[in-house]
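Please have a look at the model below. The report that follows goes through its strands, its helices, its cores and a few single residues.

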Amino acid sequence: MEVIIERVCGMDVHKDNITACIMTPEGKEIQTFSTKTVFLIQLMDWIKSHGCTHVAMESTGVFWKPIVNLIEAEEMEFLVVNAQHMKAVPGRKTDVKDAEWIAQLLRHGLLKASFIPDRNQRELRELVRYRRSIIEERARQHNRIQKVLEGANIKLGSVVSDIMGVSSKDMLQAIANGEDDPEKLANFARRSMKKKKDDLILALNGYVNPHQRMMLKTILTHIDFLTEQIEKLDQEVAQRVSVYQESIERLDSIPGIATRMAEQILAEIGTDVEKQFESAARLCSWAALVPGHNESAGK
């Protein structure tokens, strides 16, 4: 089989160690390195000493990220490859070491790299994904408050549309601090909520136990903390995407997509979509938006 790339390195990446196989016209060499940074630097020096121009590895969890960071700094070509793709390539995968098999496929140009954005976009992606997870955690805390209120026979959620609105939050805080009088609690209603005062008095008439007050206080404190962290992440993300403001505004103009979602789309696929995905169909497939099509005997 024709050799496309003369000097390559294939890596089998694990949590605590990396097995690397270098293939050059002079021969083959295999070594194992620890994943600690000092040993990863030794790995890079070893790869450079053999004049390797391309490095390939499987996309194993998040263990490939530290290696890619170092390879980028050395300005080498790298391929992070889907393991299923490598298994689909005919050969003797079970008869050779993983690193050697990866190096062989790379040398003959049989590997297709997964989409790995540049370092700035990867950092933005991590921030946006982390912000998303905190927003989801805050939503879970909102649901938990509703469960605590139901356990205390308080039907506040049946009267107000947002259990964490300004008026509702004041009421919850008062309940957590020991207030039992439904009329006093209903007096925290503001603006249009005042029209529902009679309904609020009925809804706030319950039996709140000490442990439920403690739970409410803890949950409200946790929600405030999460909100503060989300605001900090919003500022950091906004600063990083400020150079792509035109793209953000174009995405924001699509019905159903707000600024946060526009930032998330930009973080996931980048701005040069045509270069990465070639067509809209490929982008839809990458985003898992294409339904499966299984047909047998016309059914």
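## The sheet

Strand β4 covers residues 54-58, is joined to β5 by five bridges, and runs parallel to β5. One of the paired positions is Val 55, whose bridge partner in β5 is Phe 78. This is a predicted model.

The sheet as a whole is open and has five strands. Their order is β3-β2-β1-β4-β5, with mixed pairing. Strands β3 (27-34) and β5 (77-81) form the edges, and each of them pairs on one side only. From one strand to the next, the twist averages 20 degrees. In general, strands of a sheet pair through backbone hydrogen bonds, either parallel or antiparallel.

## Helices on the sheet and on each other

Helix α4 is made of residues 98-107. It lies across β1 (8-13), β2 (17-24), β3, β4 and β5. Its direction is at about 145 degrees to β1.

Two other helices pack together: α1 (residues 37-49) and α2 (residues 65-74). Their axes are 11 Å apart and meet at an angle of about 45 degrees. Because of that angle, α1 counts as oblique to α2. The α1 and α2 crossing is right-handed. On the α1 side, the contact is made by Leu 40, Ile 41, Met 44 and Lys 48. On the α2 side, Pro 66, Ile 67, Leu 70, Ile 71 and Glu 74 take part.

Which residues of the largest nonpolar core touch the most other members? They are Ile 145, Leu 156, Leu 200 and Leu 204, in a core of 27 residues. Helix α7 gives the most, with five residues.

Another core lies apart from the largest one and has 23 residues. Among them are Ile 22, Val 55, Trp 64 and Val 80. In soluble globular proteins, nonpolar side chains tend to be buried together.

## A buried serine

Is Ser 168 buried or exposed? Ser 168 counts as buried because its relative accessibility is 1%, and buried means under 20%. Ser 168 is part of helix α7. Not counting residues up to four places away in sequence, Ser 168 touches Leu 156, Val 160, Asp 162 and Ile 163.

## Positive phi in two loops

Asn 153 sits in the loop between α5 and α6. Phi of Asn 153 is near 65 degrees, a positive value in a residue other than glycine. Asn 153 has 44% relative accessibility, so it counts as partly exposed.

Arg 191 sits in the loop between α8 and α9. Phi of Arg 191 is near 45 degrees, again positive in a residue other than glycine. Arg 191 has a relative accessible area of 79%, so it is exposed.

Terms used. Residues are numbered from 1 along each chain as its sequence is written. This is a predicted model: local features need pLDDT of at least 70, side-chain atom pairs count only at pLDDT 80 or more; totals for chains, interfaces and linings use all residues. Side-chain values use heavy atoms; hydrogens and water are left out. A nonpolar core is a set of buried Ala, Val, Leu, Ile, Met, Phe, Trp, Tyr and Cys residues joined through side-chain atoms within 4.5 Å. Buried means under 20% relative accessible area, exposed over 50%, partly exposed in between (1.4 Å probe, protein chains only). Helices (H or I, at least four residues) and strands (E, at least two) are DSSP runs, numbered from the N terminus. Two strands pair if DSSP finds at least two bridges between them. Axes are lines fitted to C-alpha atoms, for helices over the stretch in contact, and angles run from 0 to 180 degrees between N-to-C directions. Contact means heavy atoms within 4.5 Å. Angles under 35 degrees count as roughly parallel, over 145 as roughly antiparallel, 65 to 115 as roughly perpendicular and the rest as oblique. A crossing is left-handed if the near helix is turned anticlockwise from the far one by less than a right angle, and right-handed if clockwise.
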